[in-house]
Amino acid sequence: MKLPTKILQRETILMGLLEQYKGLSRANYILFVGRLVTCLGSMVMPMMTLLLNKKFGFSASQTAFWVIIAGLVALPANIIGGQLADRYSKKWMIILSDVVSIVLYLICGTRELNFIVFIMIIIAGFFQTLEGPAYQALVARVTPEGKQDKAFSLLYLGANLGLMLAPTIAGLLFNNYLWLCFILDGATIAISTILIFLFVDENIGKDFAPEETKVPKEAKDTDELKLKDILAANKGIILFIIAFVLYQGSYAQFSYLMPLDLTRLHGDMGPTLYGTITSFNCVLVVILTPIATKIVEAKTNEMKLAMGILMQVLGFAVFLVCLGKIPGYYIAIALFTIGEILTVLAEGPYMTINIPQEFHGRIFGVVGFADALAAGVVMYNSGWMVDYGMYHMAWIFTIVVSILALGSAAVLVMKSNRTRLQKMV
């Protein structure tokens with residue numbers, strides 16, 4: 001019995017979307033599963049704003065202050081983590097950082113909620129940030145040449161498969177079973193750590209980097225070549241980082257200003273509503289990431305970044321217009337999600353291709369540092385606006401920052417196009 005033509009067409013399209021992830025290393029698939037499992041239990045950090053605002057009773061500016069403090073504590077972790085990732089085993093950096101986080105989360109889950117628990121969350125966040133550059137650099141290292149966009153797309157897909165349920169569960173547990181969120185967070189990180197320990201061989205990727213990004217052997221670990229020299233030689237990288245960092249600064253409002261406004265407008269329903277919006281974001285990511293990866297694979301990373309930032313501008317604008325109207329939130333988050341996908345498809349591959357492998361940890365660390373700093377500045381300024389009742393102005397400020405990011409990305413696209421035309425002449 002033959003299947004209907006429409007069903008066969010759907011199966012063909014689905015297979016095409018999945019087959020684009022073939023050809024990666026075993027380590028890529030293990031890191032995908034590890035990220036999925038970790039994010040499935042990621043319930044504490046996404047709820048940080050609500051934890052401070054609802055459980056500790058802090059105002060919007062006080063909440064912003066402590067979120068910024070947590071960010072400031074984590075800031076040096078980006079730089080330190082990047083330096084360590086380029087000098088020592090990336091795999092063992094991830095494992096040791098995870099062990100500390102696991103212990104701290106399990107302790108938090110067995111203690112009465114107080115400010116000491118918050119301090120332990122900050123420390124756990126420090127170690128999770130510390131491993132961030134190593135994780136990204138490890139993905140880049142174990143990925144075969146020409147597959148960078150697919151590798152980072154797959155990792156992002158894994159994270160959001162896990163996050164589809166995590167925020168909704170966290171929202172349901174938040175009021176009466178917050179302790180269980182800590183236990184689940186620690187347990188899932190432990191599972192991911194075991195998978196990486198048993199099945200990831202970071203040495204497999206030593207020959208995967210494209211030739212043009214490899215550093216001469218005599219220049220390694222000497223003053224002959226430094227990250228600042230690489231950046232100075234390619235102004236496009238600096239422009240990309242500026243655009244991406246401004247984008248990330250405004251992106252942080254998704255987990256700060258948005259839940260504050262939802263709680264203000266919808267009361268006790270706010271945390272649950274925010275959880276469902278976040279889960280909807282993750283569902284869209286899971287559905288759209290393979291599709292977007294396939295559709296834009298011929299686009300440059302610079303163009304992907306610009307398109308992604310444009311969608312974020314539109315998403316935040318719709319959210320501002322729809323404040324108080326629940327259906328509008330989901331339209332806004334759909335636009336925001338498309339932008340998020342496109343920027344993820346741009347950042348990792350761009351850095352991997354344009355920065356020598358020996359500097360991957362450091363460049364991801366520097367970008368992470370700048371991202372956190374920009375997020376802190378944006379949250380602080382929008383926080384005092386909220387405290388003074390300027391709710392709409394806080395969102396307008398956020399949109400302006402996104403527009404500045406879009407302008408930087410547009411300049412980068414024009415610059416890269418001119419460069420390509422010159423090479424063709």
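Helix 2 (residues 26–40) and helix 7 (residues 148–163) have axes that come within 6 Å of each other and cross at roughly 25 degrees, where an axis is a line fitted to C-alpha atoms over the stretch in contact and the angle runs from 0 to 180 degrees between N-to-C directions. That crossing makes helix 2 roughly parallel to helix 7, a label for angles under 35 degrees, while angles over 145 count as roughly antiparallel, 65 to 115 as roughly perpendicular and the rest as oblique. The model is predicted, so local features need pLDDT of at least 70 and side-chain atom pairs count only at pLDDT 80 or more, whereas totals for chains, interfaces and linings use all residues. Residues are numbered from 1 along each chain as its sequence is written, and side-chain values use heavy atoms, with hydrogens and water left out.

**Helix 2 against helix 7**

- Helices here are DSSP runs (H or I, at least four residues), numbered from the N terminus.
- Contact means heavy atoms within 4.5 Å, and residues of helix 2 including Tyr 29, Phe 32 and Leu 36 meet residues of helix 7, among them Ala 151, Leu 155 and Gly 158.
- The residues of this contact between helix 2 and helix 7 divide into 13 nonpolar, 3 polar and 1 charged, where Ala, Val, Leu, Ile, Met, Phe, Trp, Tyr, Cys and Pro count as nonpolar, Asp, Glu, Lys and Arg as charged, and the others, Gly among them, as polar.

**Helix 12 against helix 13**

- Helix 12 (residues 257–266) and helix 13 (residues 269–295) pack at an angle of about 135 degrees with their axes 8 Å apart, which makes helix 12 oblique to helix 13.
- Met 258, Pro 259, Leu 262, Thr 263 and His 266 in helix 12 meet residues of helix 13, including Met 269, Leu 273 and Ile 277, and by class this contact has 8 nonpolar, 3 polar and no charged residues.
- Helix 12 is mostly covered, since 8 of its 10 residues are buried, where buried means under 20% relative accessible area, exposed over 50% and partly exposed in between (1.4 Å probe, protein chains only).
- Gly 267, which follows helix 12, has a positive phi, near 60 degrees.

**Aromatic pairs**

- The structure holds 22 aromatic pairs, counted when rings of Phe, Tyr or Trp (its six-membered ring) have centres within 6.5 Å, with planes under 30 degrees apart called stacked, over 60 edge-to-face and the rest tilted.
- The rings of Phe 115 and Phe 118 have centres 5.3 Å apart and planes at 45 degrees, so this pair is tilted.
- Both Phe 115 and Phe 118 lie in helix 6 (residues 115–142), 3 residues apart, about one turn of the helix.
- Phe 115 counts as partly exposed at 31% relative accessibility, whereas Phe 118 counts as buried at 1%.
- The rings of Phe 316 and Trp 395 have centres 5.4 Å apart and planes at 50 degrees, so this pair is tilted.
- Phe 316 lies in helix 14 (residues 301–321) and Trp 395 in helix 17 (residues 391–424), so the pair ties together parts that are 79 residues apart in sequence.
- Phe 316 and Trp 395 are both buried, and ring pairs link them into a cluster with residues including Phe 240, Tyr 274 and Tyr 350.

**Asp 387**

- Asp 387 lies in helix 16 (residues 360–387) and counts as partly exposed at 35% relative accessibility.
- Leaving aside neighbours within four places in sequence, Asp 387 is in contact with Ser 59, Ala 60 and Ser 61.

Technical notes: Helix = DSSP H or I, 4+ residues; strand = E, 2+ residues; numbered from the N terminus.
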